[in-house]
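Work through the exercises below with the sequence and the model open. Try each task before reading its solution.

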Amino acid sequence: MFEEISFYPGNVTYEDFNIDLNKPLDYEDDGLKEDMFKVQYPDNFILDIGWYDGVNNFIIYVIKDFDWDNPVIRTECDLVHLRYHIEICTLFIRELLSKK
């Protein structure tokens, strides 16, 4: 699903996003988990994607300096809007990095 998204200048460090886009999420018990996708960026930025049962949505975090208690961005979305939110977050990280 993420092949067409540019994560530049980040490096994908974890990828376990095995969701069948043709099946309802109700049938994805094994694939929905907190740790699904992670990208490491320069200056200690992380983009992290996971599924959280408590909210029944994907949550995208942008983290700086491993401070998970104070994310730079935390956004929730469903599968339909996931790609859009990921692209917004990657653009945001690039913008922050360009100001260095």
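The model is predicted: local features need pLDDT of at least 70, side-chain atom pairs count only at pLDDT 80 or more, and totals for chains, interfaces and linings use all residues. Residues are numbered from 1 along each chain as its sequence is written, and side-chain values use heavy atoms, with hydrogens and water left out.

**Exercise 1.** Classify the ring pair of Phe7 and Phe37.

Solution. Step one: rings of Phe, Tyr and Trp (its six-membered ring) pair if their centres lie within 6.5 Å; planes under 30 degrees apart are stacked, over 60 edge-to-face, the rest tilted. Step two: the centres of Phe7 and Phe37 are 5.3 Å apart and the planes stand at 40 degrees, so the pair is tilted. Step three: Phe7 lies in the segment before β1 (11-15) and Phe37 in strand β2 (residues 37-41), 30 residues apart; strands are DSSP runs of E, at least two residues, and helices runs of H or I, at least four, numbered from the N terminus.

**Exercise 2.** Is Asn57 buried or exposed?

Solution. Step one: buried means under 20% relative accessible area, exposed over 50%, partly exposed in between (1.4 Å probe, protein chains only). Step two: Asn57 has 19%, so Asn57 is buried. Step three: Asn57 belongs to strand β4 (residues 57-64).
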